[in-house]
Amino acid sequence: MLRQLISDNSVQDWTLALAAITASVLILHVAWRLILRRLKRMAHTTDNVIDDFLVDILSARRLALGAAVGLYVATRFLVLPPSLATLVDRAFIGLVLFQA
């Protein structure tokens with residue numbers, strides 16, 4: 001399976017996949033920080049503690065989820081054997097459900 005994965009994809013495919021991982025993680029990181037900054041600003045203007053608590057929960061870093069999204073996007077640029085493609089899809093869905 002590993003030989004097929006390597007031989008079925010060109011250097012250009014692997015380069016695009018690496019760029020997709022990098023771009024996905026970077027975009028998610030920037031978007032998450034912008035959203036969190038706005039939520040913090042909104043939470044500080046209210047007196048209740050529920051919104052502060054939600055901001056604290058959302059502030060917890062979810063590096064595994066960001067990496068999983070990057071890897072999932074990268075696999076869309078590669079030719080995967082059907083069994084590996086199914087495994088990647090199921091693992092991604094499982095991780096998203098676990099992180100939620």
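**Notebook: salt bridge, core and patch**

I began with charge pairs and found that the structure holds one salt bridge, meaning a side-chain nitrogen of Lys or Arg within 4 Å of a carboxyl oxygen of Asp or Glu. The model is a predicted one: local features need pLDDT of at least 70, side-chain atom pairs count only at pLDDT 80 or more, and totals for chains, interfaces and linings use all residues. Residues are numbered from 1 along each chain as its sequence is written, and side-chain values use heavy atoms, with hydrogens and water left out.

**The pair.** I looked up the partners: the side chains of aspartate 89 and arginine 76 meet at 2.8 Å, N to O. Aspartate 89 sits in helix H5 (residues 82–99) and arginine 76 in the loop between helix H4 (63–75) and H5, so the pair ties together parts that are 13 residues apart in sequence. Helices here are DSSP runs (H or I, at least four residues), numbered from the N terminus. I noted aspartate 89 as partly exposed at 26% relative accessibility, and arginine 76 as partly exposed at 47%. For these labels, buried means under 20% relative accessible area, exposed over 50%, and partly exposed in between (1.4 Å probe, protein chains only).

**A charge without a partner.** Next I turned to aspartate 51, in helix H3. Aspartate 51 is buried yet has no salt bridge, and the nearest side chain of opposite charge, lysine 40, is 13 Å away. Lys and Arg count as positive here and Asp and Glu as negative, while His and the chain ends are not counted. Leaving aside neighbours within four places in sequence, I see aspartate 51 in contact (heavy atoms within 4.5 Å) with Met42, Ala43 and Thr46.

**The core.** I then listed the largest nonpolar core, which has six residues: Leu5, Ala17, Ala74, Leu78, Leu80 and Leu84. Such a core is a set of buried Ala, Val, Leu, Ile, Met, Phe, Trp, Tyr and Cys residues joined through side-chain atoms within 4.5 Å. Not counting residues up to four places away in sequence, alanine 74 touches Ala17, Ala20 and Ile21.

**The surface.** My last entry is a nonpolar surface patch of about 510 Å², made by Val49, Ile50, Phe53, Leu54 and Ile57. Patch residues have over 30% relative accessible area and no salt bridge; like charges are joined within 9 Å and nonpolar side chains (Val, Leu, Ile, Met, Phe, Trp, Tyr) within 5 Å. Areas come from the Shrake-Rupley method with a 1.4 Å probe, and for residues only the protein chains shown count as cover. Isoleucine 57 lies in helix H3 (residues 50–59) and is partly exposed, at 36%.

Conventions: Helix = DSSP H or I, 4+ residues; strand = E, 2+ residues; numbered from the N terminus.
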